[in-house]
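Colleague: I've got the model open and a list of things to ask. Shall we go through them one at a time?

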Amino acid sequence: MDQDWSSDLARAGGSWKALLREQSLWAIWVYRFGRRVDQRPDGLRKKLMLQWYWLLYRFVETLTGISLPKAATIGAGLRIWHFGGIFIHPGVVMGRHCTLRQGVTLGDKGDGGVAPVVGDNVDFGSCAHVIGPVHIGSNVKVGALTIVLSNVPEGASVVGNPGRVVRQSPVH
């Protein structure tokens with residue numbers, strides 16, 4: 001059993017029944033499946049599984065509006081509320097126990113650009129966008145409709161366009 005997937009499922013209620021009511025779990029499962037396939041030894045079985053992954057990925061991406069490419073590095077315990085319009089750049093690195101809401105984009109500034117790095121326990125409000133070589137510290141809250149173009153320190157709350165820190169928790 002994939003421990004990361006178990007952690008994702010636990011945040012959504014903990015049982016396989018959550019797959020019936022949480023479409024976002026479909027996208028997360030396909031992402032975790034793709035990561036497991038990449039770890040397999042090369043050969044015909046891996047090649048066939050990669051073809052199956054790409055079919056599932058495109059189907060679920062189209063159905064849910066959630067793009068979680070297997071090239072992105074996403075820690076355990078991902079939670080997606082209110083699915084739809086979520087796009088993650090393949091170069092994104094995201095920590096554990098992060099939360100995304102509808103309309104979130106984590107991307108680069110153009111072809112070949114550097115993608116964001118996100119710490120643990122980061123909560124993204126709806127339609128938040130983090131663009132470019134940005135580092136978001138752990139335990140950060142990114143407000144709804146916020147556009148983050150520069151680094152955000154650990155424990156901060158950031159809002160606005162462009163995003164600005166409005167509260168900073170003390171770091172222990």
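**Inside the model**

Colleague: Is Gly77 buried or exposed?
Modeller: Buried means under 20% relative accessible area, exposed means over 50%, and partly exposed is in between, using a 1.4 Å probe and protein chains only. Gly77 has a relative accessibility of 0%, so it counts as buried.

Colleague: Before we go on, what pLDDT do local features need?
Modeller: Residues are numbered from 1 along each chain as its sequence is written, and side-chain values use heavy atoms, without hydrogens or water. This is a predicted model, so totals for chains, interfaces and linings use all residues, side-chain atom pairs count only at pLDDT 80 or more, and local features need pLDDT of at least 70.

Colleague: Back to Gly77: how far apart are the C-alpha atoms of Gly77 and Ala10?
Modeller: Gly77 sits in the loop between strand E2 (73-74) and strand E3 (79-80), where strands are DSSP E runs of at least two residues and helices are H or I runs of at least four, numbered from the N terminus. With contact meaning heavy atoms within 4.5 Å, and neighbours within four places in sequence left aside, Gly77 contacts Asp4, Ser7, Asp8, Arg11, Arg32, His97 and Cys98. Gly77 and Ala10 are 67 residues apart along the chain, and their C-alpha atoms are separated by 7.5 Å.

Colleague: How are H1 and H3 oriented to each other, roughly parallel or antiparallel?
Modeller: Axes are lines fitted to C-alpha atoms, for helices over the stretch in contact, and angles between N-to-C directions run from 0 to 180 degrees. On that basis the H1 and H3 axes cross at roughly 170° and come within 10 Å. Angles under 35 degrees count as roughly parallel, 65 to 115 as roughly perpendicular, over 145 as roughly antiparallel and the rest as oblique. H1 and H3 are therefore roughly antiparallel.

Colleague: And which residues of H3 meet H1?
Modeller: The H1 side is Asp4, Trp5, Asp8 and Leu9. Across from them in H3 are Leu25, Ile28, Trp29 and Arg32.

Colleague: How far apart are the axes of H3 and H4?
Modeller: H3 (residues 23-38) and H4 (residues 44-64) pack at an angle of about 160°, so they are roughly antiparallel too. Among the contacting residues are Trp26, Trp29 and Phe33 of H3 and Trp52, Tyr53 and Tyr57 of H4. As for the distance, the axes are 9 Å apart.

Colleague: Which residue is joined to Asn161 by a cis peptide bond?
Modeller: It's in the loop between E14 and strand E15 (164-168). Omega is about 0°, and the partner of Asn161 is Pro162.

Colleague: What is the phi of Asn121?
Modeller: Asn121 is in the loop between strand E8 (117-118) and strand E9 (123-124), and its 37% relative accessibility makes it partly exposed. Although Asn121 is not a glycine, phi is positive, at about 55°.
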